[in-house]
Amino acid sequence: MSFPKLSWQRFLIAAGISLCVPLLALAVSQRAAACGGGPAMEGGKMPPYLRSVSLSEAQRDKVFEVMHGQAPVMRDKAKAARNAEAALRQLVISPDYSESKAQVLADSAARAMAEMSLARAKSERLVYEVLTPEQRKQVAERKAFDEPPMAGRGDGPRRGERGDHGGEPRQPPGR
């Protein structure tokens with residue numbers, strides 16, 4: 001029995017797809033599990049400092065609630081900051097430019113950024129309160145490792161330069 005060439009091509013395409021789909025599903029589920037996700041975190045992001053912490057389903061639900069509760073506030077503050085920055089850029093090229101108008105817009109942008117920082121700190125604290133003492137210890141160790149000293153201040157090695165770790169990738173303590 002002989003199949004036409006077109007049938008073989010269709011068969012091979014179908015076989016390839018049937019092999020790829022389960023592997024893709026497995027990869028997605030493993031990624032969600034590695035990020036502390038799963039059904040409770042679908043559509044939301046687990047804070048990076050919690051990715052290596054094993055949370056119960058109730059804890060994941062609470063983190064999900066906190067993170068999604070802050071989203072509208074963060075969006076509004078980011079929008080306010082962007083709008084103030086855009087208005088300031090427009091003022092610079094406007095014939096109506098004045099230092100006082102520029103100051104008001106700069107203050108508005110800075111206030112929005114400060115409110116975003118406070119909202120972020122508040123939500124991180126709410127998440128922290130969900131954790132057990134052992135989980136808090138894990139988070140404290142991870143956050144201390146993950147936050148570079150004086151980040152963005154320009155007084156440390158620049159990207160690609162050797163720092164105090166000999167140019168090798170840094171590893172978390174105990175790993």
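Reply: Helices and strands are runs assigned by DSSP, and they are numbered from the N terminus. Lys77, for example, has its place in helix H2. Please keep in mind that this is a predicted model.

Me: Okay, how many helices and strands are there in the protein?
Reply: The protein has four helices and zero strands. Along the sequence, the pattern reads α-α-α-α.

Me: What is the average pLDDT of the protein?
Reply: The average pLDDT is 75, and 59% of the residues score at least 70. Residues 32–43 have a pLDDT below 50, and the model gives this stretch 17 contacts beyond near neighbours in sequence. For residues 161–166 the pLDDT also stays under 50, with four contacts beyond four places in sequence. Where pLDDT is low, the predicted coordinates should not be read in detail.

Me: Back to the helices. At what angle do H2 and H3 pack?
Reply: Helix H2, residues 57–92, and helix H3, residues 99–130, pack at an angle of about 170°, and their axes are 8 Å apart.

Me: So are H2 and H3 roughly parallel or roughly antiparallel to each other?
Reply: They are roughly antiparallel, because an angle over 145 degrees counts as such.

Me: And which kinds of residues make up the contact of H2 with H3?
Reply: The contact consists of 23 nonpolar, four polar and six charged residues.

Me: You mentioned Lys77. What does it touch?
Reply: Apart from neighbours within four places in sequence, Lys77 is in contact with Ala112, Glu115 and Met116. The C-alpha atoms of Lys77 and Met113 are separated by 7.0 Å, although the two residues are 36 residues apart along the chain. Lys77 is partly exposed, with a relative accessible area of 24%.

Me: What about Leu105, where does it lie?
Reply: Leu105 lies in helix H3. Setting aside neighbours within four places in sequence, Leu105 is in contact with Ala84, Ala87, Leu88 and Leu91. From Leu105 to Arg89, the C-alpha distance is 9.7 Å, and 16 residues separate them in sequence.

Me: Why does Leu105 count as partly exposed?
Reply: Its relative accessibility is 21%, and buried would require a value under 20%.

Me: Is Val92 buried or exposed?
Reply: Val92, which is found in helix H2, is exposed, with a relative accessible area of 54%. Its C-alpha atom is 8.0 Å from that of Ala102, which is 10 residues away in sequence.

Me: New topic: how much of the protein counts as buried?
Reply: Of the 175 residues, 20% count as buried.

Me: Which residues form the largest nonpolar core?
Reply: It has 10 residues: Met46, Tyr49, Leu50, Val53, Leu55, Val63, Val66, Val127, Leu131 and Val139. In soluble globular proteins, nonpolar side chains tend to be buried together.

Me: Could you pick one of them? What does Leu55 touch?
Reply: Not counting residues up to four places away in sequence, Leu55 touches Met46, Leu50, Arg60, Val63, Leu131 and Gln135.

Me: Last one: what share of the contacts with a separation of 6 or more comes from residues 24 or more positions apart?
Reply: Those residues account for 61% of such contacts in the protein.

Key: Residues are numbered from 1 along each chain as its sequence is written. This is a predicted model: local features need pLDDT of at least 70, side-chain atom pairs count only at pLDDT 80 or more; totals for chains, interfaces and linings use all residues. Side-chain values use heavy atoms; hydrogens and water are left out. pLDDT is the predictor's confidence in each residue, from 0 to 100. Contact means heavy atoms within 4.5 Å. Axes are lines fitted to C-alpha atoms, for helices over the stretch in contact, and angles run from 0 to 180 degrees between N-to-C directions. Helices (H or I, at least four residues) and strands (E, at least two) are DSSP runs, numbered from the N terminus. Angles under 35 degrees count as roughly parallel, over 145 as roughly antiparallel, 65 to 115 as roughly perpendicular and the rest as oblique. Ala, Val, Leu, Ile, Met, Phe, Trp, Tyr, Cys and Pro count as nonpolar, Asp, Glu, Lys and Arg as charged, and the others, Gly among them, as polar. A nonpolar core is a set of buried Ala, Val, Leu, Ile, Met, Phe, Trp, Tyr and Cys residues joined through side-chain atoms within 4.5 Å. Buried means under 20% relative accessible area, exposed over 50%, partly exposed in between (1.4 Å probe, protein chains only).
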